[in-house]
Amino acid sequence: MSSYDLYLISPYLAVAGTGLLVVLLDLVFRRKGLLAGVALAGLALGLLLTAVQARDSLGLGGGSGLPNLAIGPGLLAASLAVDRFALFFNVLVLAAAGIVILASVDYLERMRGNHGEFLALLLFSATGMMLLSAAAELITIYIALELTTLPLAALAALLMDRNSSEAGLKYLIVGAISSALMLYGMALLFGFAGTTSVEGIAAALLAPAQQPVPFGSYAVLAAVALLLAGFGFKIAAVPFQMWVPDVYQGAPAPVAAFLSVASKAAGFAVLLRVFYTGFGDFDWHWGALAAGLAAASMTVGNLVAMSQTNIRRLLGYSTIAHAGYILIGVAAVAGTSASQASPGSLTTAGPSSVLFYLAAYVAANLTAFVAVIAISSRIASDRISDYAGLVQRSPFLAAALALALAALIGIPPTSLFIAKLYVFSAAVHSGLAWLALVGVINSVVSAYYYIKVIRVMFLEPPAAQERIHISPTVWAALALVVAATLWMGIAPAAMLGVAEGAVRALSGVAR
Amino acid sequence: MLENYFRQYGLAAIFLLVAFLVPVGMLAGSWVFSRLGVRPAKPSPVKDAPYECGMEPIGGPWNRFNFRYYAYALLFVIFGVEVVFLYPWAVRFIQMELFALIEMAIFILVLAAAWAYAWRKGDLEWR
């Protein structure tokens, strides 16, 4: 391992090392408030190192710039791809983790002194997510996935009451099942291709079959379905969504926030890399599979969300619906690469719309969750009816939550309007007009339950008169995500360019 | 290629067959020998005990354990895993130079952090 390799994995080392440091400092510090500062410093260091790598990747610091900063020969060579795609998700995950930590300062009082555990597990999980977006080999993907999932299961149970324990156990068991499905798919793929590297699998699928492989294409078809099922649990797509509402309701609110954005983003990262790089040029009709999952997720998520009375369950079903919208972009990936004759912007429209949607969704959903964390750490209730008259108790909080819900509907000056537009147009361009239509209808349907919450907040008389006070750090977190939501909605060009550039690093597109 | 593939399954099938036949053969042999009078049937309480050596078991097998053993089991896993990794590392150490030494030092430090955490949080005390 050379020092250049160390530089390439330095963001992961920084975040994981900070996690370890937090565990140790927790043992000696009396004032637990300092731990959050240490964790934030670690995330900032990771962000800084990622920025330096991005500069190198773009060639801004001299040199020509490379889309993929290749790791030298050795143990890591085949397992990690530190490319612009991975860097994009590094920033997304680190930013989400930072916002969640900022927003949970008040909430941590309910953790009964488990500050160190909360922060360390969050950092370990973030490391796993970053590695997941860079993993270019099946075994690395599996390890990164476990590193993501196991701390999240412990985090979900951290409140140690009945609901929280249930959430943790459900997440653990569902995670184990999805890992098992995915491992079986990986085994079948390895049996077919004889390699665990995603690029190698792509080459093996493209090569004309020199030797007959038993059950040939059917084995790959089963592997694709099993992998999609395994990733489906992580991104919470129907029919693998059953854990979402219970975990979102029972887990500590900051953990639910982190689960809903970072975990989903990392799941889509690995999904895109495996399916686009591995199966991209290969016509296995997995695009139709993704389209089916997308339609089912949108419809089920939105229909069930309507009858919810708990804000966190509502947001849980809303994330299922949004997994569906994002899967439209994934389905468009398949459509574009199947028709290879059309080069240019069309080939990257699907995956780059997924990346832009994820960035927009992370900002908007975090806005909603930061507001929910702030409210629930003060009034200790998640019932929507307890949000009545929120505008009189905390006007800015109510306004921010209303903005987030408007963004989740997809109303123009916000990020998700552009994102939905982009995803739907990618679908239409790759011949999936029906799917775009389902998406549009679902967006309209979803307005019902989002606006219901806004109506309760603004029009109903408040249940109590006392004002809701929030720490300055939570205000800072809220301001950051609101600014990001509006920025991506008003001036989307910059983020669209970044998403486009990140997707070009995936080898399936470059071909 | 294809023949080779199915030959692998054939080998697995042979292993399965052997694994099935060995215990069945033992039981059947025992029965045949008892029929021939080679093995006299003389049951005694000692022979009926679950283990012929070691402690006399106390209580039934479905007894509940004290939950506090759980923490000890976890701590045991920490050191168990450490040894599992240390042993092959020690065998191949000569070929791997300084890099392996640093790598293992980091590994042991991480484990030591976990152990320090358990110690400080009072998991080593019997409460």
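Chain A has 21 helices and two strands. Helices here are DSSP runs of H or I with at least four residues, strands are E runs of at least two, and both are numbered from the N terminus. This is a predicted model, in which local features need pLDDT of at least 70, side-chain atom pairs count only at pLDDT 80 or more, and totals for chains, interfaces and linings use all residues. Residues are numbered from 1 along each chain as its sequence is written, while chains are lettered from A and ligands numbered from 1 in the order in which they are written.

**View 1. Chain A overall.** The C-alpha trace of chain A spans about 75 × 55 × 45 Å along its principal axes. Buried residues make up 60% of chain A. A residue is buried if 20 or more other C-beta atoms lie within 10 Å of its own, exposed if 12 or fewer, and partly exposed in between, with C-beta atoms placed from the backbone. Among contacts in chain A with a separation of 6 or more, 81% join residues 24 or more positions apart. A contact means that two C-beta atoms, placed from the backbone, lie within 7 Å.

**View 2. Helices 3 and 4 of chain A.** The axes of helix 3 (residues 33-58) and helix 4 of chain A come within 10 Å and cross at roughly 160 degrees. That makes helix 3 of chain A roughly antiparallel to helix 4 of chain A. Axes are lines fitted to C-alpha atoms, for helices over the stretch in contact, and angles run from 0 to 180 degrees between N-to-C directions. Angles under 35 degrees count as roughly parallel, over 145 as roughly antiparallel, 65 to 115 as roughly perpendicular and the rest as oblique. The crossing is left-handed. That term applies if the near helix is turned anticlockwise from the far one by less than a right angle; clockwise is right-handed. Residues of helix 3 that meet helix 4 include A:L40, A:L43 and A:L47.

**View 3. Helices 4 and 5 of chain A.** Helix 4 (residues 84-103) and helix 5 (residues 115-134) of chain A have axes that come within 8 Å and cross at roughly 165 degrees. Helix 4 of chain A is therefore roughly antiparallel to helix 5 of chain A. Their crossing is right-handed.

**View 4. Helices 7 and 8 of chain A.** The axes of helix 7 (residues 162-193) and helix 8 (residues 198-206) of chain A come within 9 Å and cross at roughly 55 degrees. Helix 7 of chain A and helix 8 of chain A are therefore oblique to each other. The crossing is left-handed. A:L189, A:F192 and A:A193 in helix 7 meet A:G200, A:I201 and A:A204 in helix 8.

View 5. Chain B has four helices and zero strands. Its radius of gyration is 25 Å, whereas a compact globule of 127 residues would have one near 14 Å. Buried residues make up 0% of chain B. B:P45 lies in helix 2 (residues 45-48) of chain B. B:P45 is exposed because 6 other C-beta atoms lie within 10 Å. The C-alpha atoms of B:P45 and B:W31 are separated by 21 Å.

How values were computed:
Rg over C-alpha atoms; globule rule 2.2 N^0.38 Å.
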